[in-house]
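Hi everyone, thanks for making time.

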Amino acid sequence: MNTTALATLSICTYLASTLLILRHIDQNHMQRTALYLAWTAVCTHLLYTTIIFQQNNGFNFSFFSTSSVVAMIVALLLLLAALNKPVEKLGIAIFPIAASMLALELNFDDKTQLLSSYNWKMSTHILTSSSLLAC
């Protein structure tokens, strides 16, 4: 599967979702289309990350790769929260950041820092601390 196409689709749907949220910002109820687009963006972002993980035989701990994963996790947390609370408008800030981090990961090759160079304890620490820092 073409990872560049997946990443581009994810970036476009993040940005389209942001534009729809901005378009309806003055309304009390949010159109579900923006959230459907955001779910598509997060799912394709996750699929892209999974394919890259498999190609590299591990997670790449480079700056842009880690930032992209953290932004995806934050976007996913927002979408999960939006299931019960009216917090969709936070997507105005979160979705463009996720799109930007994915675009940076796609366009700038950092030196690959694979999971195999760390033991499982260090890898767990890095992933959880990055995710908690973003929240």
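I'll start with the overall fold, then go through the core, the contacts between side chains and the surface.

First, some housekeeping. This is a predicted model, so local features need pLDDT of at least 70 and side-chain atom pairs count only at pLDDT 80 or more, while totals for chains, interfaces and linings use all residues. Residues are numbered from 1 along each chain as its sequence is written, and side-chain values use heavy atoms, with hydrogens and water left out.

Okay, the fold. How much of the chain is buried? Of the 135 residues, 40% are buried, and by that I mean under 20% relative accessible area, with exposed being over 50% and partly exposed in between (1.4 Å probe, protein chains only). Now contacts, meaning heavy atoms within 4.5 Å. Take those in the protein chain with a separation of 6 or more: residues 24 or more positions apart account for 78% of them.

Let's go inside. In soluble globular proteins, nonpolar side chains tend to be buried together. The largest one here has 30 residues, and the members touching the most others are Tyr14, Val42, Tyr48, Ala75, Leu79, Ile94 and Phe95. Helix H1 (3-23), helix H2 (32-56), H3 and H4 each supply at least two residues of this core.

Click on Ala75 for me, over in helix H3. Is Ala75 buried or exposed? Ala75 has a relative accessible area of 0%, so it counts as buried. Skipping residues up to four places away in sequence, Ala75 touches Tyr14, Val42, Ile94 and Phe95. Ala75 and Val42 sit 33 residues apart in sequence, yet their C-alpha atoms are 7.0 Å apart. Tyr14 has its own list of contacts once you leave aside neighbours within four places in sequence, including His45, Met72 and Ala98.

Compare Ile73, also a helix H3 residue. Ile73 is partly exposed, because its relative accessible area is 26%. Its C-alpha atom is 8.4 Å from that of Val42, 31 residues away along the chain.

Next, charges. How many salt bridges are there? The count is one, using a side-chain nitrogen of Lys or Arg within 4 Å of a carboxyl oxygen of Asp or Glu as the rule. The partners are Glu88 and Arg32, at 3.9 Å, N to O. This pair links distant parts of the chain, with Glu88 in the loop between H3 and H4 and Arg32 in helix H2, 56 residues apart. Glu88 counts as buried because its relative accessibility is 10%, whereas Arg32, at 43%, is partly exposed.

On to the rings. A pair of aromatic rings is described by the distance of the centres and the angle of the planes. Rings of Phe, Tyr and Trp (its six-membered ring) pair if their centres lie within 6.5 Å; planes under 30 degrees apart are stacked, over 60 edge-to-face, and the rest tilted. The whole structure has three aromatic pairs. In one of them, Phe63 and Phe64 have ring centres 5.4 Å apart and planes at 70 degrees, so that pair is edge-to-face. Phe63 is exposed at 60% relative accessible area, but Phe64 is buried at 17%. Ring pairs join Phe63, Phe64 and Phe108 into a cluster.

Last stop, the surface. Accessible areas come from the Shrake-Rupley method with a 1.4 Å probe, and for residues, only the protein chains shown count as cover. The chain's accessible surface is about 7800 Å², and 65% of that belongs to carbon and sulfur atoms. Where is Leu83? Leu83 is in the loop between helix H3 (63-81) and helix H4 (91-107), and at 56% relative accessibility it counts as exposed.

That's the tour, so let's open it up for discussion.

Note on methods:
Helix = DSSP H or I, 4+ residues; strand = E, 2+ residues; numbered from the N terminus. Core = buried A, V, L, I, M, F, W, Y, C linked by side-chain atoms within 4.5 Å.
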